[in-house]
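Reader: I am new to this structure and would like to learn how to read its features. Could you take me through them in turn?

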Amino acid sequence: MSGGTFVGMPSFPEAAHDAVNNQTLRANLRHATHTIRGKRAKAVAEMSDWAELREAGKRIKDHTLRHLDRYLVQLEESVTAAGGVVHWAVDADEANRIVIDLVRMTGESEVVKVKSMATQEIGLNEALEAEGIAAYETDLAELIVQLGKDRPSHILVPAIHRNRGEIRDIFAREMSEWGRPAPDGLTDTPAELAEAARLHLREKFLRAKVGVSGANFMVAETGTLVVVESEGNGRMCLTLPETLISVVGIEKIVPTWRDLEVFLQTLPRSSTAERMNPYTSTWTGTTGGDGPQTFHLVLIDNGRTDTLADEVGRQALRCIRCSACLNVCPVYERAGGHAYGSVYPGPIGAILSPQLRGTASEIDASLPYASSLCGACYEVCPVAIDIPEVLVHLRERIVEGGPATREGNKVVLKPAKGHAAERAAMRAARWAFGHPGALRTGQRLASRTRRFHPRTLPGPGRAWSDTRDLPAVPAEPFRDWWQRTHGGKDTTK
Ligand code: SF4
């Protein structure tokens, strides 16, 4: 996975420090996430069979991932039979190189882009720019991020950290650098901002000969790609250019159209709280005289097969990028998306980035700890990814095995250098819980000596206890109290 603009990020707590103290950012995030989460809850409550749809989505994804080798071959055959060309990329560099070569073959030096997480993951815009090829984002929020020389902070609403006033200033200042300037006297009303973006983008849609997209789904049985969106910019990029290049992660396959039906119900309700997306575009290879006449599909691995090899962690590959988990996460709401150091912020980013990239960097090793494990993310996930379970699993992997690094195509666990005290504490806890008699004796001893317990921890533990109140040890251990008040039998004896 490309580090892209996130290379060298500090750990999550450090990266989140400024955001947590930024009142404007917190107000923007709070307003936006609470609004979306309320609407989502209403849209989901309308469906009496939501639990069944959720279970069906989970099973379809698990089945597809288990037989991914077979479905990928079927997809390649279907796309090729329909007139498309399939390319395989093991990592971000290879994917970027393929796209650059394909654009060069057209003789063009600019492309229009549909909003795509996969191309952001591999840092495609930056790679194209380095080769003198301009990539224009056409999704409104992505346009705001691109014009503002900013980074996305949300999967669905990448400019969620910006308010209307800031967007007006960015449009007024930057649009002329990229093409049609913003109208004079632009205000911050949504209608005027949308119109300014529409006029700015239209000349790019009409001029561009090459479109670049991702895809929400790929249907293996027919080789059909699917993009769902709300603005119609995607439809323009997918139909007007002569050449279309789609860059998609290998996990985006569904076997059949019947399977697709499930996700076309759960995705819009979970993401934008709509009953269906305003635009659902599907394309299968090429059709003479209609739409792009050349179609390339670049399938990227970029850490996905490593993730697939982890029995607990692989459920992250079910993700359909709805962003419902971000909108309910108390940590995301306060820290914002940039602190996650990846194009995948929030709870899904905390389990996906360390698996796709390994945990060698400070930011990736800290991400599994960027959660209170409250479980709200699991409750709303339309494909039932048990994010808390994966977080705990990754913490265990980091503490037990040390940071994982990539060597070639393999993720390798190295002996941990840090966390010695934490590992020793965990070993002691494991022993105590495995010896109930000793645990009981320890609890009674702790209760009897509680007057002498320090309020702060000594040594390196002081930094931890300086900002927390150590819980007071009760005068009587719970088990003793239970036995005394309920006459219960102490099963630990
Ligand atoms: S993890 Fe689940 S809730 Fe979060 S973005 Fe993915 S599908 Fe949506």
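Author: Start with a set of contacts, where contact means heavy atoms within 4.5 Å. Arg207 touches Glu110 and Tyr136, when residues up to four places away in sequence are not counted.

Reader: What kind of model is this, and how are residues numbered and side chains treated?

Author: This is a predicted model, in which local features need pLDDT of at least 70 and side-chain atom pairs count only at pLDDT 80 or more, while totals for chains, interfaces and linings use all residues. Residues are numbered from 1 along each chain as its sequence is written, and side-chain values use heavy atoms, with hydrogens and water left out.

Reader: Where is Arg207 placed?

Author: Helices (H or I, at least four residues) and strands (E, at least two) are DSSP runs, numbered from the N terminus. Arg207 belongs to helix α10.

Reader: Is Arg207 buried, partly exposed or exposed?

Author: Buried means under 20% relative accessible area, exposed over 50%, and partly exposed in between (1.4 Å probe, protein chains only). Arg207 is partly exposed because its relative accessible area is 39%. Arg198 also lies in helix α10, which covers residues 190-207. Arg198 counts as partly exposed because its relative accessibility is 45%.

Reader: How do I read a separation in sequence against one in space?

Author: Compare two pairs. Arg198 and Arg318 are 120 residues apart in sequence and 34 Å apart in space, C-alpha to C-alpha. Asp62 and Gln315 are 253 residues apart along the chain, and their C-alpha atoms are separated by 7.6 Å. Asp62 sits in helix α3 (residues 50-66), and it is partly exposed because its relative accessible area is 24%.

Reader: Which residues does Glu142 touch, and where is Glu142 placed?

Author: Glu142 is in helix α8, residues 140-147. Not counting residues up to four places away in sequence, Glu142 touches Lys115, Gln120, Glu137 and Pro158. Glu142 is buried because its relative accessible area is 3%. A second case is Arg395, found in helix α19 (residues 387-401). Arg395 counts as buried because its relative accessibility is 18%. Leaving aside neighbours within four places in sequence, Arg395 is in contact with Pro368, Tyr369, Ser371 and Leu373.

Reader: How is the length of a helix checked?

Author: The expected span of a helix is 1.5 Å times one less than its number of residues. Helix α16 (residues 346-357) has 12 residues and reaches 16 Å from its first C-alpha to its last, close to the 16 Å expected at 1.5 Å a residue.

Reader: How many residues of α16 are buried?

Author: In α16, 12 of its 12 residues are buried. Among them are Gly346, Ile348, Leu352 and Arg357. Just after α16, Gly358 takes a positive phi of about 80°.

Reader: Which residues other than glycine have a positive phi?

Author: Lys149 is one of them, with phi near 50°. Lys149 is found in the loop between α8 and α9 (164-178), and it counts as exposed because its relative accessibility is 62%. Asn302 also has a positive phi near 50°. Asn302 is in the loop between β10 (294-300) and α13 (304-308), but it is buried because its relative accessible area is 0%.

Reader: Which residues are around the ligand?

Author: A residue is near a molecule if one of its heavy atoms lies within 4 Å of it. The residues around the ligand are Cys319, Ile320, Arg321, Cys322, Ser323, Cys325, Ile348, Cys381, Pro382, Val383, Ile385 and Ile387. This shell divides into 10 nonpolar residues, one polar and one charged. Here Ala, Val, Leu, Ile, Met, Phe, Trp, Tyr, Cys and Pro count as nonpolar, Asp, Glu, Lys and Arg as charged, and the others, Gly among them, as polar.

Reader: What does pLDDT say about the chain?

Author: pLDDT is the predictor's confidence in each residue, from 0 to 100. The chain averages a pLDDT of 91, and 93% of the residues score at least 70. Over residues 1-5 pLDDT stays under 50, and the model has 15 contacts for them beyond four places in sequence.
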